[in-house]
Structures are given as C-alpha cells and as structure tokens.
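I opened my notebook to record what I looked up in this structure, entry by entry. I begin each topic with the terms that it needs.

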Amino acid sequence: MKKQRKRGRIWEWLYMALLGVFTVYALLDTFVITKVYAAAGTAAAGAETADTVSSDTEETDDGDTAGDAGVAAGDDSGTVADAGDTAGDTDAAAADDTSDSTQTEEAGTVIGTYSQDGVSITVKEYRVSDTSVYVADVTLASADSLQSAFADDTYGKNVTETTSSIASAAGAVLAINGDFYGAQESGYVIRNGVLYRDTASADSEDLVIYKDGTFGIENESDVTAQELLDNGAEQVLSFGPALVEDGSVSVTQNEEVGKAKASNPRTAIGVIDSLHYEFVVSDGRTSESTGLSLYQLAEFMESLGCTTAYNLDGGGSSTMYFNGEVINQPTTNGRTIAERKVSDVLYVK
Amino acid sequence: MSCMSNEWKNSTQRQEDTARAALGRYEAATAFVLVLGAVYEYFSFGVWSGFMVYAFLFPLAGGVLPLRILLRTGRRIPAAAAGLWNCGIATFTAGCLFCGILEIYGTTNRLSGIYWIAGTVLLAAGVLLTAAEKAACERRTGLQTGKGMTGIRQK
C-alpha cells in the first residue's frame with residue numbers, strides 16, 4: 001500500500017521538477033538568452049514596407065546607423081570645457097521655478113560644454129530633492145544630429161551593452177540610455193527611420209521624434225507603427241509616460257502607484273523649442289542621491305522650460321555619457337556604482 | 001472494493017495523516033512565498049508588484065484553507081485529484097512569482113501565459129476527477145454524500 005502511494009506521488013514530483021526546469025528556462029529566456037530579430041516586415045516579400053525596411057536594414061548592416069566616425073569619443077577637437085571652469089553658473093529657468101515637491105537646492109553647476117559643427121551642448125549638475133540631476137542643454141543645427149543606436153548595432157532581445165560602449169561605437173558626443181526595448185515583447189520600435197517592431201502595447205504612450213526634430217506623444221492604441229513611419233517618425237520610444245505636454249506637467253502625484261511614487265534614478269528627454277533639447281539623468285539609490293519620483297522629474301522638466309518631455313528607462317539603466325565619460329553615478333545590481341547594460345541609446349553627434 | 005468497506009474505514013486515519021502532512025507542506029509553502037515576496041519587494045526600490053506581494057494567496061487559499069475544511073468536515077478527495085490540484089496550485093504560485101519578477105524588472109515574457117493555462121487545466125482536471133470519482137462512488141454505494149469516496153483508490 002505504501003509503495004502504491006509512493007508511486008502515486010512520483011508523477012507529482014516529476015511535474016514539480018518539470019515546473020522548476022521550465023521556470024529556470026523562462027527566466028533565462030527573459031534575462032539571458034540572446035535573440036536577434038529582423039526588422040518588422042522584412043519577411044513579407046513584395047510589400048511596400050518590406051522594400052523600405054530591407055534597404056534600411058542594409059544601411060544598418062553597413063554601419064551607417066551606428067559606428068560612424070563622427071566625433072571620436074574623448075578625442076574631439078571641439079571646444080570642451082572641463083568641470084569647474086565655469087562652476088557656479090546658474091540656470092535661471094530651473095532656479096526660478098521650483099514647486100512644493102521638487103526642491104532645487106542649488107543652481108546648476110556647469111560640468112562641461114561642447115560646441116562644434118552646429119552642435120552646442122552645455123552639461124550642468126543640479127541638486128533636486130536631495131538628488132544629483134545632470135542636464136545636457138543641447139542645441140542642434142540639424143535634426144540629423146539626434147540619433148539612436150542599438151547595442152552591438154543589432155536589434156534583438158537580450159542584446160545589451162553599456163551606454164558608454166554603444167555611444168563610443170556610435171561616435172557620440174552625448175548619449176543617454178533609451179527605452180530598453182529589448183526588455184519588452186511589444187511596443188513600437190522605430191529607430192533612425194526604420195520600423196523594427198510594429199506590435200502595439202496597450203495604452204502605451206510613445207515619444208515620437210520626427211524628421212524635423214519635433215516631438216510628439218502618441219498612444220499606441222490610436223495609431224499604428226506604419227502610420228507613424230509614414231507621418232515622418234524618425235525615432236519612436238516606447239516607455240513613458242509623457243512627463244510634460246504643452247508646457248505643463250502631465251503626470252499626477254498619485255499616478256502609477258508604486259513605480260511613479262518611488263524615488264529612483266531617472267532618465268528623460270525634453271524639447272524646449274525647435275532643435276533645442278534637454279537630456280536629463282538623475283542619480284538615485286545612493287547615500288548621496290535618493291532619486292526622483294516621476295512627478296518630481298516632470299516638475300523639473302517643466303521648470304527647465306520643456307514643452308514636451310518624456311520618461312525613458314530608469315533605475316540602474318539611467319546613464320549619461322558626455323565627451324567620452326559617464327558623468328552620473330549609474331547603479332547596477334542594487335547599489336553598486338556601475339553601468340548597466342542596455343538595449344539602446346539616444347545620442348548626439 | 002466498496003466505498004463503505006472496512007478497508008476504506010481503516011484507511012481513513014492514514015488518509016487523514018496524509019492530509020495533515022499536505023497541510024503542513026502548504027503552510028510551509030505559504031510562509032516561504034510570503035517571506036520571499038516581502039524580501040523581494042524590500043529590495044525592489046519601491047517598485048511594487050501585486051504578483052509578488054500576493055503570490056502566497058495561492059498556497060493559502062488553494063491549499064491551507066481547503067485542507068483545513070476537508071479535515072474538519074471529514075470529506076476526502078481522490079489522491080490522484082489531490083495530486084492534480086497540488087500541481088495546479090504550484091503552477092499558479094510559480095507563475096505568480098515569475099510575473100512578479102518580470103513586473104518589478106519592468107519586462108514581459110510570452111511564456112508567462114503558460115503558467116495560467118497549465119494551472120487552470122490542472123485545477124479543472126482535479127475538480128473533474130473528484131466529481132467523476134464521487135459520481136462513481138455514489139453509483140456503487142448509493143451514497144448521497146461525497147464522504148468516503150477516496151476508498152476507491154485503495155483497492
């Protein structure tokens with residue numbers, strides 16, 4: 001009888017073991033196993049989209065998207081000022097406009113500047129709500145200078161590199177981490193005018209950067225990726241939410257309970273006016289910097305004068321690269337100060 | 001063997017012991033998942049996941065509570081059905097923890113859907129098997145209650 005009962009339980013234990021093995025596989029599939037994908041529609045022979053994408057994909061393979069020898073990282077001949085040269089500079093826009101929940105304790109300190117070939121960048125450090133926030137004020141002569149790049153110049157899942165590594169390979173002067181598209185299985189991905197993923201993520205608010213450099217916020221429930229491409233989208237980032245729209249904060253303090261209210265490292269990008277952008281990265285999870293909530297970040301972006309601002313992947317991913325160096329304190333695996341590997345970056349060259 | 005045979009009556013104590021052992025395992029699993037979820041949440045930098053926090057409800061509501069009711073009422077379920085039910089609860093619990101990990105990290109995986117499908121199938125199979133055994137038992141003995149139906153498996 002005992003033997004029979006034991007036999008009866010064997011399949012139960014076998015199933016539990018199978019469940020364990022499956023879970024390990026699922027975790028590996030999520031975080032470790034690398035998969036390289038083709039751009040959306042490349043398999044659809046004869047379609048108009050396929051023609052566009054295949055030519056664009058070749059362009060990517062040729063290295064035109066990432067890896068161009070623009071300005072060699074850390075070796076540019078532009079005018080770069082070191083930190084401290086203009087220390088004490090203040091940003092009136094940010095200093096004058098602080099709200100109840102966002103306390104800017106001191107005015108921005110210039111970390112460095114860059115000016116060459118129609119690209120003008122001033123990077124400043126602020127103290128906002130016990131957090132170091134790095135702001136790159138960017139003015140471009142052409143929208144072509146604002147681009148994105150994939151890790152290993154490859155579109156896929158679990159294909160990752162550090163922001164500095166991707167930026168360096170792309171010849172970027174300035175870069176911030178993107179939306180970590182590789183961590184999601186849905187959400188539009190359009191980069192440098194190429195449609196890579198057209199699977200909509202329900203109610204996802206996307207940042208659309210058009211060919212002329214203007215920003216738009218679109219909901220994936222309302223528009224297809226192909227329509228965005230047809231409308232001139234050059235970059236589509238699917239993370240969010242939108243922080244500022246029409247010059248006003250567009251998130252509430254109680255929105256997205258949990259993620260939003262927690263103080264964490266953050267990354268955001270905003271536009272002030274034509275070809276004038278703010279790249280923002282905040283520290284967090286350290287004794288020096290607690291981090292910002294989404295609402296605090298939104299208020300800060302608004303105070304900088306952004307008409308549209310958008311939240312990108314944060315936490316350990318938050319990294320700002322400028323002139324060959326990582327200038328913030330990115331955290332990885334908890335509170336270790338080290339760059340996390342990410343799927344993609346937005347950069348200026 | 002009849003559901004009302006002496007053999008079945010003799011096996012009641014053994015089955016009760018088995019149920020108590022299963023109850024102990026479920027209580028341990030509930031406590032483990034509760035602590036695991038709390039610790040994971042503690043180190044998740046304020047990123048909240050209902051999957052992670054409430055995963056312990058599966059072994060609690062699907063194991064501890066039903067077993068306590070069964071022990072109190074004296075009702076039994078077939079061992080095979082109990083096995084299917086246990087596998088279903090384990091699948092839901094593992095799936096919930098998996099979804100919690102993904103949610104806290106901020107990612108998704110299509111494989112998470114398999115947990116919910118497999119768990120539902122296993123639980124449904126357990127319930128159907130119990131109902132089938134009960135009906136068979138009642139047919140043989142003319143009993144109108146489900147008591148003692150697990151005697152079927154002891155032959």
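**Entry 1: salt bridges between the chains**

Before looking for charged pairs, I wrote down that a salt bridge is a side-chain nitrogen of Lys or Arg within 4 Å of a carboxyl oxygen of Asp or Glu. With that rule I found that the side chains of Arg110(B) and Asp29(A) meet in a salt bridge, at 3.4 Å from N to O. The count between chain B and chain A is two salt bridges.

I noted that this is a predicted model, in which local features need pLDDT of at least 70 and side-chain atom pairs count only at pLDDT 80 or more, while totals for chains, interfaces and linings use all residues. I also noted that residues are numbered from 1 along each chain as its sequence is written, that chains are lettered from A and ligands numbered from 1 in the order in which they are written, and that side-chain values use heavy atoms, with hydrogens and water left out.

**Entry 2: the interface**

How many residues does each chain give to the contact? Taking contact to mean heavy atoms within 4.5 Å, I read 34 residues from chain B and 31 residues from chain A. The area buried between chain B and chain A is about 2,800 Å², and carbon and sulfur atoms give 60% of this area; buried area is the accessible area (1.4 Å probe) that two parts lose on being put together, summed over both.

I then looked up polar contacts, which are pairs of N or O atoms within 3.5 Å; within protein, one must be able to donate a hydrogen and the other to accept it, and residues adjacent in sequence count only if both atoms are side-chain atoms. Across the interface of chain B and chain A, 11 residue pairs are in polar contact, both residues being at pLDDT 80 or more. On the side of chain B that touches chain A, the elements that give two or more residues are helix 1 (6–42), helix 4 and helix 5 (112–141) of chain B. Helix 4 of chain B provides the largest share of that side, 13 residues.

**Entry 3: chain B**

For the elements I used DSSP runs, numbered from the N terminus: helices are H or I with at least four residues, and strands are E with at least two. Chain B has five helices and zero strands. I recorded that buried residues make up 45% of the 155 residues in chain B, where buried means under 20% relative accessible area, exposed over 50%, and partly exposed in between (1.4 Å probe, protein chains only).

**Entry 4: aromatic pairs**

Rings of Phe, Tyr and Trp (its six-membered ring) pair if their centres lie within 6.5 Å, and planes under 30 degrees apart count as stacked, over 60 as edge-to-face and the rest as tilted. Over all chains, the structure holds 17 aromatic pairs. The rings of Tyr155(A) and Tyr181(A) are stacked, because their centres are 5.1 Å apart and their planes stand at 25 degrees. Tyr155(A) lies in the loop between strand 5 (146–150) and strand 6 (156–157) of chain A, and Tyr181(A) in the loop between strand 8 (174–177) and strand 9 (189–191) of chain A, so the pair ties together parts that are 26 residues apart in sequence. Both Tyr155(A) and Tyr181(A) are buried.

**Entry 5: Asp179(A)**

I located Asp179(A) in the loop between strand 8 and strand 9 of chain A, and at 1% relative accessibility Asp179(A) counts as buried. A polar atom of the Asp179(A) side chain lies 3.1 Å from the backbone nitrogen of Tyr181(A). Leaving out residues up to four places away in sequence, Asp179(A) touches several residues, among them Arg191(A), Phe239(A) and Asp344(A).
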